[in-house]
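Please report on selected local features of the structure shown below. Cover a helix, a helix pair and a sheet.

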Amino acid sequence: MQTEQSDILKLTNVNKSFPGVKALCNMCMTVKKGEVHALVGENGAGKSTLMKILSGAYIKDSGTIEFCGHEVEITSPKQAERLGISIIYQELNLMKKLSVAENVFLGRYPRKNGFIDWKQMNKDAKELFDTFDIKMDVTAMVRSLSLAQQQLVEIIKAVSINSQVVIMDEPTSSLTASETETLFRIIQTLKDRHIAVIFITHRLDEIFRICDRLTVLRDGCFVGTKAVHEVTKSELISMMIGRELTQQFPPRKVTLGEVSLEVCNLSDGYRVKDVSFSARRGEVLGFAGLVGAGRTETMRLIFGADPKTSGVVRINGTEVNIRNPRQAVRQKIGFVTENRKEEGLFLSLPIKVNIAMVAYKKILTRSFFNFKKERQVAEQYVNDLHIVTPSVDQIAMLLSGGNQQKVVLAKWLLPDSEIVIFDEPTRGIDVGAKLEIYTIINNLAAAGKTIIVVSSEMEEVLGISDRIIVMREGRVVGELAKDQFSQQAVTELAIGGV
Amino acid sequence: MKAGKENNWGHKIAGIGNSLGAWLIVILMALILSVTTKAFLTPNNIINVVRQISVNAMVALGASFVVLGGEIDLSTGMASTFAGCNAALMMTKLGMPMIPAIIICLVVGVLVGCFTGFIVTILKIPAFIGSLGVQYMVQGATLLLTNSMPISGLSEEFLVLGRGYIANVIPVPTVIMAVFIIIGAIVLKYTPFGRSVISVGENATAARLSGIDVTRTKIAIFAICGFCAAAAGIVQASRLSSGQPASGGDLSLQALAAVYVGGTFKGSMLNTLAGALALGLVNNGLNLMGINPYWQKMALGIIIVLAVLFDQYRIKKSTARK
């Protein structure tokens, strides 16, 4: 009989290479029954390769995987599922136009006389959700659910196929605080049922919140496995990056200039309500709040990406009427969007083309592109921003998240933007690249630009900002000066009524 | 990530495929035809091929802009028939001089394109169905104007456009096509407009947030497409010595086939030319070999599928993480 502490999954010396790169090198890891095991490491450390091997998307080159004490070969996602290993990807794999119940029982619908037994299926699905104490309309179309609810559907689906190991790839990255709490509660329930959870996250706080043990990966190699209560955050960070980080946020001397951006009573009649604030040159203005508090929407209104119903925007004291992003660009506003792949990058175009997308006029010679100039400009930014790439001809798709983000940044630096809005600038980016992004933000502010940073990471917004505006349900609910900064203060304002 | 040292066949083929694109198909076909048929490698035949593909290549050039911009246009064939018939009508029935007639037809072509663009961007109807609608509207207009009767009796000077030769060697339609392709290639590669087309096709959301006017760009590509189709239709009318209201039904799809066979996604208009040439060579080769013309359609279909398959393989190989 296996006790709660017995190993369910054991990897020994697992290797995986791709042409020219060793993605995993002698990886070892044990996961115990009913534990929440964090897998940490910078981007490119090999986490996703490891996960894909466990879920059958990749096949290991060598090494052994033991599952429930037996050596197994995982050769396909179907087989991983049969063994009892489920993976919940960041991009959820649900059929959006099917109902919740259909998704849970996808491919194994209960049948009656060869036809789908809808009644039975809905009943079974309802019971599953009930056992986890989750309120869910199982006949609702998945498309109509929030991201958090969709995630719950995936988890229930994993449980319903008797998974013993559930892998979650950055499950909280798009959840609000309360949704995250719900997720943690579900994870606790999984634990109680002796289901092991492998939890991948960039948010170190969460590891300390809910994980029992953690395994650190670096450059495809196993660094160590520790019980969470044995390590401190700074130890963990140095395990991840292999160096002591003295400060996560580089210091900066703040020199405030004139007010450059003034927003008065901005509304979109929906998610942004009567928002007013101002920002100065040389200032990094942070926007905190829960996901869905209307911060991104506010920025999109300022940038002209969505139509506003009322409100006034002044730039350097002059009222401007920005109705589309084109006009925002003309007012020297840059917008590093939250979603770099969908909204920032042209993935199959080269880095140099991406960089020159906004300020293409700078590389024209008599209204024709000067490719030599384009290359020089791009190489300049590749050097200045430390973009790691074999050449500026590389297509953006092949870069890591951090480097992609730097390309988006370069796109907005080339046009000499005076006001740069960063929406979640370090989402899904590893610690080292984060630091570099922060340094760039500081340098921009030091050069007299106005910087707005929307961030859902508490540490980030506290660390990078000179002043913080907190939003809740579409309204500005508070403003904190540097000496008032604290997690407590921000959280209280963001949640409200504390 | 470092690039791998090993150079397997896949990478080699992808490498060659990347630099040559559809020209590889053209070269291969030309080689095969040179060996298997005696008549292929004669000046007359080569001239014949480049003359035959001219109209299709011109339509395909316009279609390339639309496809690169992430849309599709099924109305080009009928738009060119419309232009050819209109030109013929104006010159014969209205006695209009050639140049103004041509200019009016080209402008009408641009307007038809703008109309399609309007349907797609402002009314937000998917291009496939929107341009299909326009195709039938234009066809109806053509049939109404001509009463479905061919319009002949065109002047000699007009016939030069489709049937003439420069220095008795180079066909005039080929020269017109070459000018179109060269201008198209330059616009696409060297102008901000060309780049907005590519960026809008690649990611319209990101393009908009980068300050590109997506609506205007999309209307412009349809307008260019309409212009090219009209120009091709005028050349075609000249080549047929008449405005043929019943012709052009197949042209939209042939042009799109040239675009896809050419693999214009790589961002060069010369690929479209290669695509048109490849299709032209298939027809020519099968003719020379005396194969039943019904087989030609079959072969054409197979070539289209194979070419796109090869292109996908090439893209997969060249974008795989190395």
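## Helix H8 of chain B

In this predicted model, the buried residues of H8(B) are B:Val172, B:Pro173, B:Thr174, B:Ile176, B:Met177, B:Phe180, B:Ile181, B:Gly184 and B:Leu188. An α-helix has 3.6 residues a turn, so residues three or four places apart point the same way. Buried positions of H8(B) include B:Met177, B:Ile181 and B:Leu188.

Helix H8 of chain B covers residues 172–190, 19 residues in total. From first C-alpha to last, H8(B) reaches 27 Å. That is close to the 27 Å expected at 1.5 Å a residue.

## Helices H5 and H6 of chain B

Two packed helices are described by the angle between their axes and the distance between the axes. For H5 (residues 98–121) and H6 (residues 127–146) of chain B, the axes come within 9 Å and cross at roughly 145 degrees. The crossing of H5(B) and H6(B) is right-handed.

H5(B) contributes B:Val112, B:Phe115, B:Thr116, B:Ile119 and B:Val120 to the contact. H6(B) supplies B:Ala127, B:Gly130, B:Ser131, B:Val134 and B:Val138. The contact has 7 nonpolar and 3 polar residues, and no charged ones.

## A sheet in chain A

Chain A holds an open sheet of 4 strands, in the order E14-E13-E16-E17, with antiparallel pairing. Strands E14 (275–280) and E17 (318–320) are the edges, and each pairs on one side only. The twist averages 20 degrees from one strand to the next.

Strands E13 (residues 259–267) and E16 (residues 310–315) of chain A run antiparallel, joined by 5 bridges. A:Cys264 stands opposite A:Val312 in E16(A).

Technical notes. Residues numbered from 1 in each chain as written. Chains lettered and ligands numbered in written order. Predicted model: local features only at pLDDT ≥ 70, side-chain atom pairs only at ≥ 80, totals over all residues. Pairing = 2+ DSSP bridges. Helix = DSSP H or I, 4+ residues; strand = E, 2+ residues; numbered from the N terminus. Axes fitted to C-alpha atoms, helices over the stretch in contact; angles between N-to-C directions. Left-handed = near helix turned anticlockwise from the far one by under 90°. Contact = placed C-beta atoms within 7 Å. Nonpolar A, V, L, I, M, F, W, Y, C, P; charged D, E, K, R; others polar. Expected span 1.5 Å × (residues − 1). Buried ≥ 20, exposed ≤ 12 C-beta atoms within 10 Å, placed from the backbone.
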